[in-house]
Amino acid sequence: MFNLILFGPPGSGKGTQSEKIVEKYGLVHLSTGDLLRKERQMKTPLGIEAQQFIDKGQLVPDEVVIGMISSALDANAEARGFLFDGFPRTEAQAEALDKLLELKKSAISLVLFLEVNEEELISRLINRGKTSGRSDDADENIQRKRQDVYKKETLPVAAHYSKLKKVVNVDGMGTIDEIFGRLSSQIEKKIR
Ligand code: AMP
């Protein structure tokens, strides 16, 4: 299996690039943000609980997202690999993911870290807020909160995989196709 984590701050282009990567390489796309928004739309108890965290720019509790990922891995037993987008977002989630994959005799193959400067991130998120309909995109204070949460809670995930020599930094500035080209060339070095 080829298991890829697309890593980076909110607004770094993970969602956009993930769609192109899964199409090209036939991976199963697992975005915890998308899964949570689906639960919320369907007004499930999990969705309703998650909503209060999402709307404040906070992280949903680890056990909730780890449970969702565990079910999704089981539901896609035949997959040739997974692309994790927006997960893991804490060190505890990274450790849980490593264990879940180990149970399947697999592991993370590569972590691609999209680097985008903070000014560009906020400007992308403001633009996205005009059309995405996402409550957590529309408010600049919530966006700043999400960047803070990212630095405090999510950056340690990169350190976790750096220790395992799995992280490659990729310049996330430029056009969608330029960035996709850079990501693809890193994937192709590893996927063979
Ligand atoms: P995203 O679409 O990845 O930006 O996620 C939107 C929101 O969903 C985040 O700001 C969090 O509130 C929540 N969320 C998504 N993925 C996770 C995760 N792995 N752990 C905790 N909360 C998450």
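Modeller: Before we start, a salt bridge here is a side-chain nitrogen of Lys or Arg within 4 Å of a carboxyl oxygen of Asp or Glu. The model is a predicted one.

Colleague: Fine. How many salt bridges does that rule give?

Modeller: The count comes to nine salt bridges.

Colleague: Take Asp55. Which residue does Asp55 form a salt bridge with?

Modeller: Arg40. The closest N and O atoms of Asp55 and Arg40 are 3.4 Å apart. Asp55 is in helix 3 (residues 45-56) and Arg40 is in helix 2 (residues 32-41), so the pair ties together parts that are 15 residues apart in sequence.

Colleague: What about Arg124 and Glu120?

Modeller: Their side chains meet in a salt bridge, 2.9 Å from N to O. Arg124 and Glu120 are four residues apart in helix 6 (residues 118-131), so about one helical turn separates them. Arg124 is partly exposed at 21%, and Glu120 is partly exposed at 27%.

Colleague: Change of topic. What is the strand order in the sheet?

Modeller: The order is 2-3-1-4-5, in an open sheet of five strands with parallel pairing. Strand 2 (28-31) and strand 5 (167-171) are the edge strands, and each pairs on one side only. On average, neighbouring strands are turned by 20° against each other, direction ignored.

Colleague: How many bridges are there between strand 4 and strand 5?

Modeller: Five, in the parallel sense, with strand 4 covering residues 110-115. Leu112 stands opposite Val168 in strand 5.

Colleague: Which strands does helix 4 touch?

Modeller: Helix 4 (residues 62-75) packs on the sheet and touches strand 2 and strand 3 (81-85). The direction of helix 4 makes about 155° with that of strand 3. Helix 9 (residues 176-191) also packs on the sheet, touching strand 1, strand 4 and strand 5. The direction of helix 9 makes about 165° with that of strand 4.

Colleague: Now the rings. How many aromatic pairs does the structure hold?

Modeller: Four. In one of them, Phe7 and Tyr150 have ring centres 6.0 Å apart and planes at 45°, so the pair is tilted. Phe7 is in strand 1 (residues 2-7) and Tyr150 is in helix 8 (residues 140-163), 143 residues apart.

Colleague: Are Phe7 and Tyr150 buried or exposed?

Modeller: Both are buried. Another pair is Phe84 and Phe87, with centres 6.4 Å apart and planes at 45°, so that pair is tilted as well. Phe84 has 0% relative accessibility and Phe87 has 2%; the cut-off for buried is under 20%, so both count as buried.

Colleague: Which residues do ring pairs link into a cluster?

Modeller: Phe7, Phe113 and Tyr150.

Colleague: Last one. Where does the charged end of Lys20 sit?

Modeller: Over the ring of Phe180, 5.0 Å from the ring centre.

How values were computed
Residues numbered from 1 in each chain as written. Predicted model: local features only at pLDDT ≥ 70, side-chain atom pairs only at ≥ 80, totals over all residues. Heavy atoms only, no water. Phe/Tyr/Trp six-rings, centres within 6.5 Å; stacked < 30°, edge-to-face > 60°. Helix = DSSP H or I, 4+ residues; strand = E, 2+ residues; numbered from the N terminus. Buried < 20%, exposed > 50% of the residue type's maximum accessible area, 1.4 Å probe, protein only. Lys NZ or Arg CZ within 6 Å of the ring centre and 35° of its normal. Pairing = 2+ DSSP bridges. Axes fitted to C-alpha atoms, helices over the stretch in contact; angles between N-to-C directions. Contact = heavy atoms within 4.5 Å.
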